[in-house]
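Subject: Structure handover

Hello,

Here is the structure I said I would pass on. My notes on it follow below.

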Amino acid sequence: MLPILYQDEHLVAINKPSGLLVHKSPIDKHETRFAMQMLRDQLGQWVYPIHRLDRPTSGVLLFALSSDTASKVCANWQEQAQKTYLAIVRGWAPQEVTVDHPLKERLDKIADKHAKQDKPAQEAVTKVTRLATIELENPVDRYPTSRYSLVECQPKTGRKHQLRRHLKHINHPIIGDAKHGKSIHNRFFQTAFNAHRLLLHAHRLCFNHPATQQPVAITAPLDETMNHLLHEFGWQRAAGRTDIEAPHALG
């Protein structure tokens with residue numbers, strides 16, 4: 001059962017777990033579990049995705065319950081939706097920075113084989129705010145200690161892998177990012193904290209309801225891995241997560 005965060009006659013939002021594809025994709029032909037089909041079977045009706053989350057990203061994922069509602073929401077989605085993500089990154093990130101760095105779409109050899117191959121770079125803007133830092137007495141790389149940050153990311157545009165690429169661009173890649181991160185830090189988190197996922201979570205989604213035009217705000221709880229890390233590093237207050245009990249150690 002997928003955790004439902006919000007539901008009315010028009011919309012439904014779930015807390016997508018890390019590792020789950022939104023819908024069937026040629027990226028993994030052998031995968032049999034998809035958020036769209038699982039939610040359809042759970043509700044007993046068709047659902048229509050409003051936006052996407054990368055497979056390794058967890059958090060708020062919104063669906064419409066009719067094609068008409070989907071059309072209304074998607075008509076100005078990028079302009080009016082406000083998305084807030086939490087991420088654990090390498091190094092001490094800037095206190096606040098707006099990353100204005102155009103991104104050229106990187107096409108998947110399988111999923112995008114029919115897409116136009118020579119698209120120009122597109123505008124991409126992300127606001128990054130540092131919430132907390134920690135310095136560990138572990139010489140993971142070439143330094144005697146290792147530094148990490150908890151950051152809040154608010155994308156102003158919606159490019160593919162935007163947050164992962166923008167954080168790499170400012171030299172603070174997300175821990176667990178096999179493609180854009182640094183493997184030595186990823187392995188450290190796997191070994192030391194049993195954290196085997198991309199540490200990126202779609203924490204909060206705000207938008208105007210298509211039927212009432214009233215503001216809707218949906219927040220997704222953290223999963224066990226990220227919740228454990230926030231408690232381990234003393235970051236729960238910085239992330240606004242003081243309402244959860246300390247979890248059992250992962251093992």
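H180 is buried, with a relative accessible area of 3%; buried means under 20%, exposed over 50% and partly exposed in between, with a 1.4 Å probe and protein chains only. This is a predicted model, in which local features need pLDDT of at least 70 and side-chain atom pairs count only at pLDDT 80 or more, while totals for chains, interfaces and linings use all residues. Residues are numbered from 1 along each chain as its sequence is written, and side-chain values use heavy atoms, with hydrogens and water left out.

H180 sits in the loop between α4 (162-169) and α5 (183-193). Leaving aside residues up to four places away in sequence, H180 touches R106, H161, R164, R165, K168 and P173 (contact means heavy atoms within 4.5 Å).

The chain as a whole has six helices and 10 strands; these are DSSP runs, helices being H or I of at least four residues and strands E of at least two, numbered from the N terminus. Of its 251 residues, 45% count as buried. Among contacts between residues at least 6 apart in sequence, 64% join residues at least 24 apart.

The accessible surface of the chain is about 13200 Å², and 47% of that belongs to carbon and sulfur atoms. The areas come from the Shrake-Rupley method with a 1.4 Å probe, and for residues only the protein chains shown count as cover.

Regards
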